[in-house]
Amino acid sequence: MDIGARAGAAGDPQGRQRGLTILGFLLVAAVVVIFAMVGFRVIPSYIEYYSVRKALDDTMRSGTADPNNPAAFRSELTRRLQTSYVEEVKATDVILQRSGSQVTAELAWERRLHMFGNMYILLEFEATSAR
């Protein structure tokens, strides 16, 4: 058998190796790192959002906090937010509105997440609950 006839010999286009070059690998790694950085910065904010939404819903549906008494409602909401380790949102930011027999509580806030240099991610959240 001739050595030149084997697959992979010089000049044989079907025997060439295929794969990721070092430059391609670096580009793929850079994209993965950027998405990981964004994810690690954003995920805790969304976890906090769901904690705030749950605390607001639980406060509205509980029989202990009367939405018609804003001070008692905010006190109960503060207790629930502290229990959930929420630090960015305060119960004093809640807006209570009455329309007919329905009471609506709204919380809205923004989070600016520093990435690097002068680059930030701006997240806007709004939680609403009605009873």
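Analyst: Helices (H or I, at least four residues) and strands (E, at least two) are DSSP runs, numbered from the N terminus. This is a predicted model, where local features need pLDDT of at least 70, side-chain atom pairs count only at pLDDT 80 or more, and totals for chains, interfaces and linings use all residues. Residues are numbered from 1 along each chain as its sequence is written, and side-chain values use heavy atoms, with hydrogens and water left out.

The chain runs α-α-β-β-β from the N terminus. The whole structure holds 5 salt bridges (a side-chain nitrogen of Lys or Arg within 4 Å of a carboxyl oxygen of Asp or Glu).

Start within helix H1. Aspartate 57 and arginine 61 both lie there, 4 residues apart, about one turn of the helix. Their closest N and O atoms are 3.8 Å apart. Aspartate 57 is partly exposed at 22% relative accessibility; arginine 61 is exposed at 58%. The cut-offs: buried is under 20% relative accessible area, exposed over 50%, partly exposed in between (1.4 Å probe, protein chains only).

Helix H2 (residues 70–83) has glutamate 76 and arginine 80, also 4 residues apart. Their N and O atoms come to 3.0 Å. Both residues are buried. Glu76, Arg79 and Arg80 form a network of salt bridges.

Glutamate 48 and arginine 111 pair at 3.3 Å, N to O. Glutamate 48 is in helix H1 and arginine 111 in strand E2 (residues 102–116), so this bridge ties together parts 63 residues apart in sequence. Both partners are buried.

Serine 45, also in helix H1 (residues 22–61), is buried at 1% relative accessibility. Beyond its neighbours within four places in sequence, serine 45 has contacts (heavy atoms within 4.5 Å) that include Arg111.
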